Amino acid sequence: MKVVLAKHAGFCMGVRRAVETTLKLVESRHAPIATFGPLIHNPQVLEMLEQKGVAVLDDLPRQAAGTVVIRAHGVPPASKEKLEQSGAAVEDATCPRVVKVQAIIDKYRRQGYTTVIVGDRDHAEVEGLMGHAGEAGVVISGMAELAELKLTPPYIVVSQTTQDEEMFQAITAAILERFPGGKVFNTICDSTHKRQDEVREMCRQVDALVVVGGRNSANTKRLAEIAQGLACPVFLVETEKELDGEQLRGYQSVGVTAGASTPAWIIRQVVETLEAI
């Protein structure tokens, strides 16, 4: 079997920064250390951090000690303020690309603009962005929701940083047609652009595609959805243990890509397992 590994697979800049920030805190013994919500969407990395003594806070504490790390997806401003008031040292590991979107929303909210966020309604990043948009924010997760959309100009449109490019363009075009004059900011990050384009190209060259990453990772699932939309057989796995050798043996060439929160060691194990088939 020929195995083709995508060039842009694994940790993106924002995820790597968040993980390295947390590991440095562990090494410098800033205990106790916790993250507010899962640091990233990968169960194997979270397990590794747990083994190093990093806890996960699901709720905002009234009082806290040590250091609390804000996850890569960011949090609403009110949540960050409460963390700072809890007494803990707060280390903000929000991805710089997400911070850029937050800044755009803040700027235009102060000028009286409504914010339309194209993204997954329950995703941690979108929840954080809505915290910046306030009551003047609305989330659109798919074309079907456009019929219920009501907008009064002025308004801006931004995207979750890991949104599908083609979906964002389609939704944006439909919004502008119904409500002319909006300002559109394509805030999908470069890493997401490259991964999605690479999946589309790879699906033309291989017989099947293996996507590696956490099942609760939006950008990982989106890579698989793009492949499915191109009628490319796709297998979404978290680790090499989930690979079905009997199914995969029928393909002469298999592509491998991975979500932005998938560590290199898991990708390597998947590639080695496929090469042994």
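## Close-up views of a predicted model

View 1. At 42% relative accessibility, Arg215 counts as partly exposed, a class that lies between buried (under 20% relative accessible area) and exposed (over 50%), as computed with a 1.4 Å probe on protein chains only. The model is predicted, so local features need pLDDT of at least 70 and side-chain atom pairs count only at pLDDT 80 or more, while totals for chains, interfaces and linings use all residues. Residues are numbered from 1 along each chain as its sequence is written, and side-chain values use heavy atoms, with hydrogens and water left out. Arg215 meets Glu238 through their side chains in a salt bridge of 3.9 Å, N to O, the term standing for a side-chain nitrogen of Lys or Arg within 4 Å of a carboxyl oxygen of Asp or Glu. Because Glu238 lies in the loop between strand E11 (234-237) and helix H9 (245-248), and Arg215 in the loop between strand E10 (208-212) and H8, the pair ties together parts that are 23 residues apart in sequence. Helices (H or I, at least four residues) and strands (E, at least two) are DSSP runs, numbered from the N terminus. Glu238 is buried, with a relative accessible area of 15%.

**View 2. Further salt bridges.** By this rule the count comes to eleven salt bridges. Among them is the pair Glu201 and Arg204, whose side chains meet at 2.8 Å, N to O; Glu201 is partly exposed at 38% relative accessible area, whereas Arg204 is exposed at 64%. Another joins Arg249 to Glu246, with the closest N and O atoms 2.9 Å apart; here Arg249 is partly exposed at 49% and Glu246 is exposed at 64%. Asp164, Glu166, Asp197 and Arg200 are linked in a network of salt bridges.

**View 3. Two nonpolar cores.** A nonpolar core is a set of buried Ala, Val, Leu, Ile, Met, Phe, Trp, Tyr and Cys residues joined through side-chain atoms within 4.5 Å. The largest has 17 residues, of which Val19, Leu39, Ile40 and Val45 touch the most other members. Helix H1 (13-27) and helix H2 (43-51) are the elements that give two or more residues to this core, and H1 gives the most, with four residues. The contacts of Leu39 (heavy atoms within 4.5 Å), not counting residues up to four places away in sequence, include Val19, Leu46, Leu49, Val69 and Ile70. A second, separate core of 16 residues includes Val3, Val256, Ala258 and Ile267. In soluble globular proteins, nonpolar side chains tend to be buried together.

**View 4. The largest pocket.** About 510 Å³ of space lies in the largest pocket, where a pocket, on a 1 Å grid over the protein atoms alone and with a 1.4 Å probe, is an open set of points with protein on both sides within 12 Å along at least five of seven lines, and lining residues have an atom within 4 Å of a point. Of the 32 residues that line this pocket, the closest to its centre are Cys12, Thr162, Cys189, Ser191 and Ala260. The elements that give two or more residues to the lining are H1, helix H4 (96-110), helix H7 (190-202) and H8, and the largest share, six residues, comes from H7.

**View 5. Asn219 and its surroundings.** Asn219 sits in helix H8 (residues 218-229) and is buried, with a relative accessible area of 13%. Its side chain makes a polar contact of 3.2 Å with the side chain of Ser217; such a contact is a pair of N or O atoms within 3.5 Å, where within protein one must be able to donate a hydrogen and the other to accept it, and residues adjacent in sequence count only if both atoms are side-chain atoms. Setting aside residues up to four places away in sequence, Asn219 touches Thr162, Gly259 and Ala260.

**View 6. Thr161 in its loop.** Thr161 lies in the loop between strand E8 (155-159) and helix H6 (165-178), where it is buried at 5% relative accessible area. A polar contact of 2.8 Å joins the side chains of Thr161 and Glu125. Beyond its neighbours within four places in sequence, Thr161 is in contact with residues including Arg97, Val98, Val101 and Cys189.

View 7. Most residues other than glycine have a negative phi, and most peptide bonds are trans.

Note on methods. Grid points are joined across faces, edges and corners, and a volume is the space filled by probe spheres set on the points.
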